[in-house]
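The report below describes a metal site and some of the residues in its surroundings. Please read it alongside the sequence and the structure.

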Amino acid sequence: MKGVHFPVTAAALSVLAFTTLLASASDPDPLQDFCVAINNTDFAVFVNGKFCKDPNLASANDFFSDKLRYSGNTSNPVGSIVTAANVDVIPGLNTLGISFARVDFAPNGLNPPHTHPRATEIFIVLEGSLYVGFVTSNINGDGNRLFTKVLNKGDVFVFPIGLIHFQLNVGKTNALALAAFGSQNPGVITIANAVFGSKPPINPDVLTKAFQLDNNVVDYLQKQFWYNNS
Ligand code: GLV
Ligand code: MN
């Protein structure tokens, strides 16, 4: 009879392992209605990621921001700017696993290749036309696949968690997009900035080999100012 139970137990363990994998794919589920983040611990009652404000002291403003009403200033080296509405802006997002950003683009503006270590992003174009894309991880035998699309007003595109992606304004006017994330704090790694602008700098021997570049090209790149648009 023991042998009869084994497959059932194995199946149950597989389901459990699969569920655990799914559960750790985004921010943890909230353990209460909300948990307004607070810095002054005199008024803190729980700890769950950040300190939480006593729910009796929470107000509508803890769940509100008007920050995305305003166009960002795109007069910068990449011609785009990301304005985040994450838990640092809306403390009521704490533990809820979502956030927003608005992205403004000048004509030819680029949101440079970057990744979000903690979130998938869903992106909608509100104005203009954008050439967008992402690259897959190192798929065996198939290299890194590029998925691209030109998006117009109202179009939606998804950038899966952790994958390098970008958006370029290919229209003649300014463009505007809204990005939603499956994390209260998705994080951003802008690839060029992280690789060539780290502090302290990465040993040039690493970069010459990794990027198959001459020493003086690496030296030149490491001396550039790497603007952070987010
Ligand atoms: C767009 O990709 C963004 O992260 O704002
Ligand atoms: Mn992004």
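## Residue S99

S99 counts as buried, at 7% relative accessibility; buried means under 20% relative accessible area, exposed over 50% and partly exposed in between, with a 1.4 Å probe and protein chains only. The model is predicted: local features need pLDDT of at least 70, side-chain atom pairs count only at pLDDT 80 or more, and totals for chains, interfaces and linings use all residues. Residues are numbered from 1 along each chain as its sequence is written, chains are lettered from A and ligands numbered from 1 in the order in which they are written, and side-chain values use heavy atoms, with hydrogens and water left out.

S99 belongs to strand β4 (residues 99-105); strands (E, at least two residues) and helices (H or I, at least four) are DSSP runs numbered from the N terminus. A polar atom of the S99 side chain lies 2.7 Å from the backbone oxygen of S183. Leaving aside residues up to four places away in sequence, S99 touches A85, N86, L93, A179, A180, F181, S183, Q184 and P186, where contact means heavy atoms within 4.5 Å.

## The manganese site

H114 (NE2), H116 (NE2), E121 (OE) and H165 (NE2) coordinate the manganese ion (ligand 2) at 2.1 to 2.2 Å. Donors are N, O and S atoms within 2.8 Å of the metal (3.2 Å for Na, K and Ca), and sites may look incomplete because water is not among the atoms. Along the chain, the donors of this ion follow the spacing H-x1-H-x4-E-x43-H.

The site is octahedral, with angles of 74 to 174° among six donor atoms. Six donors count as octahedral if opposite donors are over 155 degrees apart and all others between 65 and 115.

## H114 and H116

H114 is buried, with a relative accessible area of 4%, and H116 is buried at 5%. H116 lies in the loop between β5 and β6 (121-127).

The side chains of H116 and H114 make a polar contact (3.3 Å). Excluding residues up to four places away in sequence, H116 touches E121, I161, G162, H165, F181, P186, G187 and V188.

## Annotated residues and N111

An unreviewed UniProt entry places the feature "binding site" at N111, H116 and E121. The lining of the largest pocket includes N111, H116 and E121.

N111 is found in strand β5 (residues 110-115) and is buried, with a relative accessible area of 4%. Not counting residues up to four places away in sequence, N111 touches S80, V82, V103, F105, F166, Q167 and N229.

Conventions: UniProt positions are given in the numbering used here, feature names are shortened, and annotations may be inferred rather than shown by experiment. On a 1 Å grid over the protein atoms alone, a cavity is a set of points where a 1.4 Å probe fits but cannot get out, and a pocket is an open set with protein on both sides within 12 Å along at least five of seven lines; lining residues have an atom within 4 Å of a point. A polar contact is a pair of N or O atoms within 3.5 Å; within protein, one must be able to donate a hydrogen and the other to accept it, and residues adjacent in sequence count only if both atoms are side-chain atoms. Four donors count as tetrahedral if all angles lie between 85 and 135 degrees; four count as square planar and six as octahedral if opposite donors are over 155 degrees apart and all others between 65 and 115; anything else is irregular.
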